[in-house]
Amino acid sequence: MKKEKNNNEQMEKIVSFCKRKGFVFPACEIYGGFANAYSYGPYGVELKNNIKKLWWKKFVQEREDMVGMDGPILLNSRLWEASGHTEGFNDAMVDCKKCKKRFRADHVVKELTGKDMEGDLAGMTTVLQGGLKCPECGASDWTEARNMSQMFKTEMNGIDGPVYLRPETAGAIFSDYKNIIDSMRVKIPFGVAQIGKAFRNEIVARNFIFRTREFEQMEIEYFVDPEAEWESVFENWLTKQEEFAMELGAKKEDLQRYEHPKAKLSHYSRKTVDVEYNFPFGFSELFGLAHRGDFDLTSHANASGIKLDYLDAVNNRRFVPHVIEPTVGLDRLILTAICAAYNEEAVEDELRTVLKFPYKIAPIKIAIFPLLKNKPELVAKAKEVYDMLKSEYMCEFDDNGNIGKRYRRQDEIGTPFCLTIDFDTIEKDNTVTIRDRDTMQQERIKIVDLKTYFTEKLS
Ligand code: GAP
């Protein structure tokens, strides 16, 4: 059970910063907003794409035991019956009868008593109705705790019965397991990775992009021999997940592991561990890692009537692989990267806000400035340099305001390098000033050497 608490001051600061600076906007704001949904703005989408690319590189491109895929959001409903989602993908809700506010029952019980009662509807009702006060209005007048499905239902032309927006991306990997085995030369152990949207009808969506009803997952199903030693594979995936968070800027001390108690594991699961990050609202789940045995492949084989096994040609053994599932929410990684990068520093009696993103994920890599906006020769040269660099790096051209203000603007969005074209550039030596985001030091570099300079710094 997580310690996800309500927003606090730091969180509010980050939410308004993200909106002001073009990272994350409340969706449909002109219509009064919509259900804790968010849009990624111009810098947010760059950050998001950079994190996706980095994840794909680390977990697919650089590994010989991994392949990728991209399945649909709307899938055959039989798949969700087989996986148990149609029946059992529920959260417990409870309402305060006085103020009509709805809560996730296990969360409000945990918040008020410290007890983890997830899954125990009757127990939660007893505790709540035994005198707990509504955190919103202070009344003690609760409904019973009852289950609510997290599945989003829709309809499709020509299909009888409901169709669901996928509640996780994993389902498509299991339903395409046979196609992957048949079309690729994969050998156990191997994994399949996928990035895509998932939808959950959360009772309470909160804490900014941490918990939303539409979000993006990056999931892997890693298939292993059921007779092989799995503990070291599991440990290795845990380490890789932590490493990835640190590549995005998370500090080691802001990560912790939470192992789900054996008594709370599903019957098929051998072990589940979350990697939690120390968000401003407390340590909360970032990654999940679960050993799911052969539950998924066996359930889908039984429901579809299609064998989903694996032939070990060397030992002539046929078996249903076990699966280890590393999973993470992309939006939570984005929030982690922003929280980890956010810094306020006193510089010359002023407060400098700077996002110290690792260079790899910074939305803009290089900002290019002409020293003065009203000197056409400076502007033309700056445009020339911008045109030279923009095919390689995400660059921004800015000629607005004094240089100090332009530096601060780029610091705020985490741009590692600012490059200024001045009179020395055009009258003397064809050099430009490069200013480093973190040290604020400046150096002069020849324009002809810029490509090499940035290859070294940014590759
Ligand atoms: N296939 C396994 C699975 O979906 P999960 O723990 O329910 O497991 C995986 O979800 C990850 O998706 C979580 O670790 C979390 O990072 C992210 N996630 C889950 N619900 C979310 C939500 N409502 N909003 C944003 N991210 C969410």
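Q: How many bridges join strand β21 to strand β22, and in which sense do they run?

A: Strands of a sheet pair through backbone hydrogen bonds, either parallel or antiparallel. Two strands count as paired if DSSP finds at least two bridges between them, and the elements are DSSP runs numbered from the N terminus: helices are H or I with at least four residues, strands are E with at least two. Here β21 (residues 417-421) and β22 (residues 431-436) run antiparallel, joined by four bridges. Look at Cys418, whose bridge partner in β22 is Arg435.

Q: Before we go on, what kind of model is this?

A: This is a predicted model, in which local features need pLDDT of at least 70 and side-chain atom pairs count only at pLDDT 80 or more, while totals for chains, interfaces and linings use all residues. Residues are numbered from 1 along each chain as its sequence is written, and side-chain values use heavy atoms, with hydrogens and water left out.

Q: In what order do the strands of the open sheet with β21 and β22 come?

A: The order is β20-β19-β21-β22-β23, five strands with mixed pairing. β20 (395-397) and β23 (442-446) stand at the edges with a single partner strand each, so one side of each has no neighbour in the sheet. On average, neighbouring strands here are turned by 25° against each other, direction ignored. For such angles, axes are lines fitted to C-alpha atoms, for helices over the stretch in contact, and the values run from 0 to 180 degrees between N-to-C directions.

Q: Which helix packs on this sheet?

A: Contact means heavy atoms within 4.5 Å. By that rule helix α13 (residues 403-413) touches β19 (366-370), β20, β21, β22 and β23, and the direction of α13 makes about 170° with that of β19.

Q: Is Gln410 buried or exposed?

A: Buried means under 20% relative accessible area, exposed means over 50%, and partly exposed is in between (1.4 Å probe, protein chains only). Gln410, which lies in helix α13, has a relative accessible area of 1% and is therefore buried. Leaving aside residues up to four places away in sequence, Gln410 touches Ile364, Ala367, Phe369, Glu396, Thr415 and Cys418.

Q: How can I read burial for a whole strand, such as β16?

A: Count its residues. In β16 (residues 322-329), eight of the eight are buried, so the strand is largely enclosed by the rest of the structure. Both faces are covered: one side carries His322, Ile324, Pro326 and Val328, the other Val323, Glu325, Thr327 and Gly329.

Q: What should I look for in the hairpin of β17 and β18?

A: Start with the pairing: six bridges join β17 (residues 342-347) to β18 (residues 350-355), which run antiparallel. One of the pairs is Glu344 with Thr353 in β18. Then look at the turn, where two residues sit between the strands and Glu348 takes a positive phi near 45°.

Q: Where is Gly138, and how far is Gly138 from Asp120?

A: Gly138 sits in the loop between α6 (121-129) and β6 (146-149). With a relative accessible area of 35%, Gly138 is partly exposed. Gly138 and Asp120 are 18 residues apart in sequence and 24 Å apart in space, C-alpha to C-alpha.
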